[in-house]
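Please describe how this protein is put together.

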Amino acid sequence: MKKLYARRFVSFILASAFMLSGCSSGGSESGTTSSGTSIKTTETVPSETVYNEYLPPEMKREFSVRNPMQLDSSKEFKVVFEGEWDKIADEEYKHALQNEFYQVYPRLYTRWGTGSEPKTIHLIAESNTEDIACSWEDKVQVQVRYANEHPEDIGYLAHELTHNIQSYPVGLKWWTEGFASYGRFRYFHWAADDCVYLIDQKGEDLINWSYEPYGECVLFFAYMDYRFPTLLKNGEWVPGLVDSIHRAIKNGEITDDSDPYTPGNPFNNLVKKITGYETIEALRAKYVEECVNGTWVFDGFGSYKDNIVLGMHYPQIKPDVYDRKTAPKSSTVKEYANNVFKDARVYRCSGFINGNETAAMLVDGKYDTKWCAEKGNVTEVSMLLKGVCHYIVLDLGSYKTFSSYTLYNAGTVEDESYNATSWELLWSNTPNHFIPLDYQKDCKENAVTFETGEVTCRYIMLKIYTPDNGPGTVRLYELQAG
Ligand SMILES: [Ca+2]
Ligand SMILES: [Zn+2]
């Protein structure tokens, strides 16, 4: 079940901004409702074709009991299902949304509610609508067709629920959507291991984001919360940047977010008051600089000072700490008359890019075939959280003995800038508990042999920590031993 959740996470990586915004992109509309007090926020998708290409074809969904997380035991909050739920084929889908509501909504309310927002939410299934999802007042609506075609996606609900909490009197643009996506990012994805959505902190989408309502901006919100957090000082709450802007919009002090560049408007005045930066754009530029230079690294919300508001536990990106051994490098690249890794069965692997570049090609004995996998092929969040970008477990079929191994990196055939530079080889006699054999931190060789000392074992694991010093694609042509 964890795995299937993790699989869902793949689509989040691939679709990135697109899906993170609540399964939406392109148009959004907002307007004042008849009561004049709440904004309807609509998520739409440009075309079905665009959408579908982001979903891995093998993707399936299974909703089940999630990690035990904070539930609303006081029954203060409630979700009521209305409309055409009988037209949604999978009965478990409703159940999953219900679980999500009781986990996410109390968090959102505690953090950003003022007491006037609805505590009961009506969740409506509607077939006669073009919108994938929308929310207004105490209602969230989901399109029946979308639910049937993309039952793996439930994260949009957290995004919509954040809109319910916003209850902004006027419609802002990038802030409203970015904030809703941040609500989803922090209180849905980053609230449990099996929903974690990892972001490439040096990714172009993130750096190029410039106030489009749907875009890669959740990390910017995470940055604002980190650098300018809400704190409790001498028993008094001192709101940080995100919470201050949110409150100012709620109480009508800020009604416009359309000019992030010019100092002096109400939005930027508030930014300046809290951060010292003249504009939100100046702060964003600083954030991009910090992401690129690595002076700010997002590794989860565990260390956030504002956790005092909710006191929850967050998953954390935390490399495994154990005694890594480094084997001496051989002066020559060894070839083996009896390559004991040849045609080993791939017991497990983190993924591969296509049928012509599978993990098995790492050990097929051919120097021109490779195991290739992109970052997006990797679905196991538990490994990613430990800093492992790709991995393979080989079953040697029986106990085999070797005393050195040779890795033929990308550079033996392609550009050497594609070389993986940090990896670890481990051994075991069961497919689970592996013992370190050789750890390489910064190896730049195209083909290289390491002297591990004599080992007899049935299983081998190769973990890749740094696949290519760039986008995270691994390209390995051969792994041999003898
Ligand atoms: Ca090969
Ligand atoms: Zn939205």
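The report below goes from the whole chain to selected elements.

## Basis

This is a predicted model, in which local features need pLDDT of at least 70, side-chain atom pairs count only at pLDDT 80 or more, and totals for chains, interfaces and linings use all residues. Residues are numbered from 1 along each chain as its sequence is written, while chains are lettered from A and ligands numbered from 1 in the order in which they are written.

## Overall fold

The protein has 13 helices and 15 strands. Helices (H or I, at least four residues) and strands (E, at least two) are DSSP runs, numbered from the N terminus. Of its 482 residues, 43% count as buried. Buried means 20 or more other C-beta atoms within 10 Å of the residue's own; exposed means 12 or fewer, and partly exposed is in between, with C-beta atoms placed from the backbone.

Two residues are in contact if their C-beta atoms, placed from the backbone, lie within 7 Å. Among contacts between residues at least 6 apart in sequence, 70% join residues at least 24 apart.

## Helix 4 and its partner

Helix 4 covers residues 91-112 and helix 6 covers residues 156-166. They pack at an angle of about 35°, with axes 10 Å apart. Axes are lines fitted to C-alpha atoms, for helices over the stretch in contact, and angles run from 0 to 180 degrees between N-to-C directions. From helix 4, the residues that meet helix 6 include Leu97, Phe101, Tyr105 and Trp112. Helix 6 brings Leu157, Ala158, Leu161, Thr162 and Ile165.

Helix 4 has a kink of about 30°, centred on Phe101. The bend at a residue is the angle between axes fitted to the seven residues ending there and the seven starting there.

## Helix 10

Helix 10 spans residues 241-250. Seven of its 10 residues are buried, so helix 10 is largely enclosed by the rest of the structure. The buried set is Leu241, Val242, Asp243, Ser244, Ile245, His246 and Ile249. These residues pack against helix 4, helix 7 (174-187), helix 9 (218-227) and helix 11 (266-275). Just after helix 10, Gly252 takes a positive phi of about 85°.

## Trp237

Is Trp237 buried or exposed? Trp237 is exposed, because 12 other C-beta atoms lie within 10 Å. This residue lies in strand 8 (residues 236-238). Leaving aside neighbours within four places in sequence, Trp237 is in contact with Thr230 and Leu232. Trp237 and Val309 are 72 residues apart in sequence and 9.2 Å apart in space, C-alpha to C-alpha.
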